[in-house]
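I went through the structure piece by piece and jotted down what I looked up.

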Amino acid sequence: MKQNILGTSPTKYHRRLYRHIALCAVLAALTLLLNILLTLMLTPENRTLLLWLNVGSDALCGCFVVYRFTRHISRQQKLYRLSVGRGVPCLGTVTHISERTVRHMDLDCLDVTVGERRLFLPAQTISLEIGKPYHFLTTSGVITEAEA
Amino acid sequence: MKQHLQYNWWKYLLVLILPMVFWYSAFTLLLKPARNEQLRVLFVGDALDTTAVQEQLSQLLPSETSQMLQEITVAQALPGMTSYNDFLTAQSFYYDLIIFPESQMTKTIGQSYFSRIPPALLEQFPNTEIYVETVEDTELSYGFWLDDSSLFMSCYYGNDRCCLFFSPESVNLGSGNKQSDPNNDAAVKAAQLLLEVLP
């Protein structure tokens, strides 16, 4: 069975990624509109209230965007780029999979030993079994596709 | 989640701090009174009780002018390390009234840094000693000498005579300046109070 790091077809994956980006952009635009609206209502009397409303809305929106971006966009974009890149084929038996993740190309990866080669498998993507031979596709040492 | 925060905590910190800094600066800038909502007086020296003058002006000025003032500032300063020319040029953009003790005045201070006082404005200061300079054989008025019995001199503890000038950049000169609204006459009224020439 063939598995890839995206878990779905690149087109579907790209569409999902685009939805996440669009959601962040819409939220940022709405926050900006709210900021403009509140600023237009500014008077010396309501200065403190409006200041904290603007700061609060921006901070909430910022936190949401940071969370979304780091959890659902940044990593996924990297995986997508790796998966659409031209992979190098590699054949071998998995002899060891690390239990802890390591940082490789700014991604949390499992350290996988295939024969004498050391490869990196992005965490929570492809499931491999020790002792089984696989056909791999790798990009910059990262497994992008595996077929038992 | 723990790992996520371990790598990204600084991003969250940044999105909390940046809006605070940005909006605080933006609101400070937006709520800054306009030029015609503030009156600024500068004394070039260090022998003035600025607090007393400011208090007097804040008390008396609102009843003399219809102009809505949000801020009345009286300050004193000396050129210090900057050149006299740079100092006066910069101050004339910032202050409405500039008062000099005689020791700080150059011979051509009026024609170098200030505009001549228009006749219409001169009429509003009867019985006041006028500071004049001769330009091409013509005597031109540039300022007013402050009388020893005036409000200003009661807060001044130096020995020199003092002279009051209007900044050519002031927008609070009423009909005395083409740039300003005729109703914005706070600088003229403040000068009248300081010279004690109000009817």
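First, my cut-offs: I call a residue buried under 20% relative accessible area, exposed over 50% and partly exposed in between, using a 1.4 Å probe and protein chains only. Helices (H or I, at least four residues) and strands (E, at least two) are DSSP runs, numbered from the N terminus.

Ground rules. I'm looking at a predicted model, where local features need pLDDT of at least 70, side-chain atom pairs count only at pLDDT 80 or more, and totals for chains, interfaces and linings use all residues. Residues are numbered from 1 along each chain as its sequence is written, chains are lettered from A and ligands numbered from 1 in the order in which they are written, and side-chain values use heavy atoms, with hydrogens and water left out.

**Chain B overall.** I noted seven helices and six strands in chain B. Along the sequence, chain B runs α-β-α-β-α-β-α-α-β-β-α-β-α. Chain B has 199 residues, and 46% of them count as buried. For contacts (heavy atoms within 4.5 Å), I took those in chain B between residues at least 6 apart in sequence, and 68% of them join residues at least 24 apart. I also wrote down an accessible surface of about 10800 Å² for chain B, 54% of it from carbon and sulfur atoms. Accessible areas come from the Shrake-Rupley method with a 1.4 Å probe; for residues, only the protein chains shown count as cover.

**Helix α7 of chain B.** I checked residues 186-195: 10 of the 10 are buried, so this helix is largely enclosed by the rest of the structure. Even K189(B) and Q192(B) are among the buried ones. Just after α7(B), I found E196(B) with a positive phi of about 55°.

**D185(B).** This residue sits in the loop between β6 and α7 of chain B. I looked for a partner, counting Lys and Arg as positive and Asp and Glu as negative, with His and the chain ends not counted. D185(B) is buried yet has no salt bridge; K189(B), the nearest side chain of opposite charge, is 4.4 Å away. A salt bridge here is a side-chain nitrogen of Lys or Arg within 4 Å of a carboxyl oxygen of Asp or Glu. Beyond its neighbours within four places in sequence, D185(B) contacts T65(B), Q67(B), N172(B), L173(B) and G174(B).

**Salt bridges.** In chain A, R118(A) pairs with D111(A), with 2.6 Å between the closest N and O atoms. R118(A) is exposed at 52% relative accessible area, whereas D111(A) is buried at 14%.

In chain B, R35(B) bridges to D96(B) at 3.9 Å between the closest N and O atoms. That pair links distant parts of the chain, 61 residues apart. I have R35(B) as partly exposed at 28% and D96(B) as buried at 1%.

R161(B) and E102(B) also meet, at 4.0 Å from N to O. They are 59 residues apart, with R161(B) in the loop between α6 and β6 and E102(B) in the loop between β3 and α4.

**Nonpolar patch.** Patch residues have over 30% relative accessible area and no salt bridge; like charges are joined within 9 Å, nonpolar side chains (Val, Leu, Ile, Met, Phe, Trp, Tyr) within 5 Å. The one I logged has about 1000 Å² of accessible area together, and its members include W52(A), W9(B) and W10(B). α1(B) gives the most, with nine residues. I placed W52(A) in helix α2 (residues 47-84) of chain A.
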